[in-house]
Amino acid sequence: MSGNMKKIYLYSKFERFWHWTQAILIILLMVTGLEVHGVFSLFGFEKAVDLHNTLGISWLILFVFIIFWLLTTGEWKQYIPTTRKLFEVAKYYASGIFKGEEHPVQKSKDAKHNPLQRLVYLKLSAILLPLQMVTGLLYWTYNDWPKYGLDFLSLSVVANIHMACAYALLAFLVVHIYMTTTGHTITAHIAAMFSGWEEVPEDYKVEEWEVHDK
Amino acid sequence: MKLMRNSLLLLSAVVFLCASAFAAGDTAPGRQMARQATKGKELWITADHSKFDALKQPFKSGPEVTKACLSCHTEAGHQFHKTIHWTWLDPKAEKELKVGKGGLVVNNFCINIQSNEPRCTSCHAGYGWKNKDFDFSSQEKIDCLVCHEQTGTYKKFPSGAGNPAPPPGKKFKGNGKFYAAPEWNNVAQSVGRPTRKNCGTCHFYGGGGDGVKHGDLDSSMLKPAKTLDVHMGMDGQNFSCTRCHTTVKHDIAGRIYSTPAATERKSLLEDDLGSKIMCESCHSARPHKSELGMKLNDHTDKLACQSCHIPTFARELPTKMWWDWSTAGRKKDGKPYVEKGEWGKPVYMTKKGDMRWEKNVVPEYYWFNGTIDTITAQTTIDPTKPVQVSKPVGSIDDKNSRIMPFKVHRGMTPYDKVNKNIVIPHLFGKDKDAFWKGYNWENAVAYGMKYAGLPFSGEVGFVETEYVYPTTHMVAPKENTVACEECHSKQGRLAKMTCFYMPGRDASSIVDAGGWFVVIASAVGVLLHALGRIFMSGRKED
């Protein structure tokens with residue numbers, strides 16, 4: 001690393017709370033969901049279903065709070081997609097990282113995510129997670145479909161979309177956890193997600209697009 | 001885990017607050033009324049039959065007793081004549097079809113009663129149905145005692161066409177037991193409401209022996225433990241049969257051939273006057289109370305309660321599962337013989353052929369709307385595949401159908417190879433044509449079919465047959481019900497019911513294969529990336 005590092009407070013208490021709560025919920029949903037799918041046996045089917053439903057509803061409620069928080073604090077702007085430096089970031093992970101180069105985009109208060117993260121997190125929170133929640137809710141309310149005029153749905157289709165999303169989420173989880181090790185130290189990103197404080201190079205100049213008006 | 005779950009529950013408080021609004025069922029007025037209607041064990045009996053002069057006469061026969069009964073119970077005779085216990089015919093089916101065991105319906109046990117009356121009708125609630133000439137209009141021939149006597153001494157003679165043994169009594173060669181002639185005054189003065197013993201006298205021993213037929217009704221139900229039947233358990237609710245099989249004018253609630261048990265799923269919660277024969281009548285369609293139970297309640301639209309609550313039948317005594325008539329007639333040293341197997345049950349009888357018994361049997365499951373379709377000796381069959389002598393009616397598309405557990409009794413049954421129908425063999429009798437005397441199928445069938453007024457080509461073959469019994473007794477306590485994964489797994493109880501998607505069993509192989517491919521590819525990708533970083537950074541430090 002070139003130059004000195006400075007500490008910046010990046011993640012507020014609520015952000016850290018929702019991140020880790022969501023992490024636990026998703027991992028437990030993954031475990032119970034795969035058990036319901038018949039992949040392995042851990043809690044027993046009945047318990048797994050019950051846990052999965054409770055966890056799912058809990059997550060949904062949490063998700064509503066997250067969205068509300070993002071909207072009211074303006075933090076949703078962290079997810080505005082951009083192509084600026086996108087290529088550089090991709091190139092960095094494909095080669096630069098092996099040569100010990102510096103990350104082309106450093107974190108700052110106004111730009112917590114690099115362009116690649118923006119894209120991935122936007123797709124995740126705007127498409128994959130809602131789709132997972134909607135199919136999950138439908139799956140859960142299967143018996144009430146006729147009441148809601150949803151009889152045209154097929155449980156098989158709903159269940160398979162739910163499963164497909166689950167696999168996509170699992171793949172995301174694998175990559176996401178790995179990516180936490182790519183900071184200036186192996187545990188830097190994880191530590192920051194606990195403490196809220198991230199270390200960034202002192203001399204890093206933020207670019208215009210990385211600043212947004214509050 | 002528990003702590004975290006509780007915290008999550010807190011998080012979900014909003015949702016559960018809403019949900020609790022639906023959980024008010026226990027105080028529903030209908031339920032309270034149902035409890036009141038069935039709670040009192042003390043009956044409001046106002047008559048002691050031992051004090052009636054009409055019952056103090058010196059009776060010499062059953063019909064004399066019946067006459068005495070009818071002198072007070074003036075309407076009982078008309079009422080009883082209309083019931084299936086008397087007619088042995090399905091009241092809902094067209095007369096010409098002769099649906100019912102008193103008609104031309106066949107089963108794969110002893111097949112049909114025509115020409116075999118004296119043996120079969122020993123379970124008829126009447127006296128003397130020994131041939132076609134039985135007078136169904138005679139009220140005196142009703143046997144009131146078999147259902148109402150309470151001494152426990154009243155026994156009909158097994159081959160007596162519904163009559164008890166003549167004085168002083170008689171030994172029955174079939175089982176070597178002595179049947180004493182009734183002490184008519186004693187039994188007549190003992191009458192009361194039917195007990196389990198009264199009903200069980202016939203219903204536990206159908207097919208000629210204990211547990212032969214139903215699998216969920218045998219003599220173990222006389223004094224069952226709660227673990228065998230949660231309703232009838234002596235250490236539990238101690239229900240008698242009549243608690244659920246309610247009766248109006250001698251017409252007893254229960255399933256009869258083509259009549260669905262209930263076409264509308266009415267609960268006593270909704271209507272206190274509903275028939276009490278369904279589980280739902282007392283338990284409602286949302287019977288599970290716990291938080292876990294909410295999902296179980298969602299099952300009641302597709303699953304009969306019995307499917308989960310009767311994990312196995314014949315839990316204490318074995319029941320007959322296979323009866324191969326084609327091997328009947330073999331002799332040892334020129335004599336008929338019996339070979340006994342496990343549990344002391346016959347596995348071969350010269351009279352009846354090979355048979356198989358099973359205990360603790362896992363039921364088979366079918367869609368069922370409460371109706372059973374039966375064939376008669378006139379129905380044309382396809383002998384190239386197993387013939388469903390009786391079959392459950394229902395399908396996933398019928399909203400009144402649910403998945404129901406069945407005992408399926410299979411066997412090889414005689415049929416007419418040319419006319420392609422199940423035949424009625426003349427089994428019982430002292431004449432040489434009777435199979436159990438002459439052991440000649442052609443003669444026995446020719447006699448039986450002629451007796452029934454049906455054509456016979458002269459050629460007897462054997463066809464595999466299936467006969468179904470809905471499993472509805474031997475309801476286990478909730479701790480012993482069928483676990484979720486017994487169905488929600490790749491090879492579960494419902495493996496054959498592929499007409500719907502079931503979580504835990506079904507999956508799209510494309511989604512699964514594709515999904516795991518993406519997940520594993522991601523894992524391999526990051527692993528290679530990590531190795532690259534370790535390897536390259538090692539070089540960089542040089």
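Helices here are DSSP runs of H or I with at least four residues, strands are runs of E with at least two, and both are numbered from the N terminus. With that settled, hello everyone, and let's start with chain A. Along the sequence, chain A reads β-α-α-α-α-α-α-α-β, which comes to seven helices and two strands. Its C-alpha atoms fill a box of roughly 60 × 35 × 30 Å along the principal axes.

A word on the ground rules. This is a predicted model, with local features needing pLDDT of at least 70 and side-chain atom pairs counting only at pLDDT 80 or more, while totals for chains, interfaces and linings use all residues. Residues are numbered from 1 along each chain as its sequence is written, chains are lettered from A and ligands numbered from 1 in the order in which they are written, and side-chain values use heavy atoms, leaving out hydrogens and water.

Now, the interface. In chain A, 47 residues are in contact with 41 residues of chain B, contact meaning heavy atoms within 4.5 Å. About 3800 Å² is buried between the two chains, and carbon and sulfur atoms give 69% of that; this is accessible area (1.4 Å probe) lost on putting the two parts together, summed over both. A:Phe98, A:Tyr167 and A:Tyr178 supply 18% of the area that chain A buries against chain B, more than any other three residues.

Which helices of chain A supply at least two residues each to this side? They are helix 1 (13-36), helix 2 (45-73), helix 4 and helix 6 (155-179). Helix 2 gives the most, with 13 residues. By class, that side of chain A has 31 nonpolar, twelve polar and four charged residues. Here Ala, Val, Leu, Ile, Met, Phe, Trp, Tyr, Cys and Pro count as nonpolar, Asp, Glu, Lys and Arg as charged, and the others, Gly among them, as polar.

Let's look inside chain A. Helix 3 (residues 86-94) and helix 4 (residues 115-140) pack at about 95 degrees, their axes 7 Å apart. Axes are lines fitted to C-alpha atoms over the stretch in contact, and angles run from 0 to 180 degrees between N-to-C directions. The two helices are therefore roughly perpendicular, the word for 65 to 115 degrees. A:Leu86, A:Val89 and A:Tyr93 of helix 3 meet A:Pro115, A:Leu116 and A:Leu119 of helix 4.

Finally, a backbone detail in chain B. The peptide bond from B:Pro167 to B:Pro168 is cis, with omega near 0 degrees, and B:Pro168 is in the loop between helix 8 (145-148) and strand 1 (169-172).

Conventions
Parallel < 35°, antiparallel > 145°, perpendicular 65-115°, else oblique.
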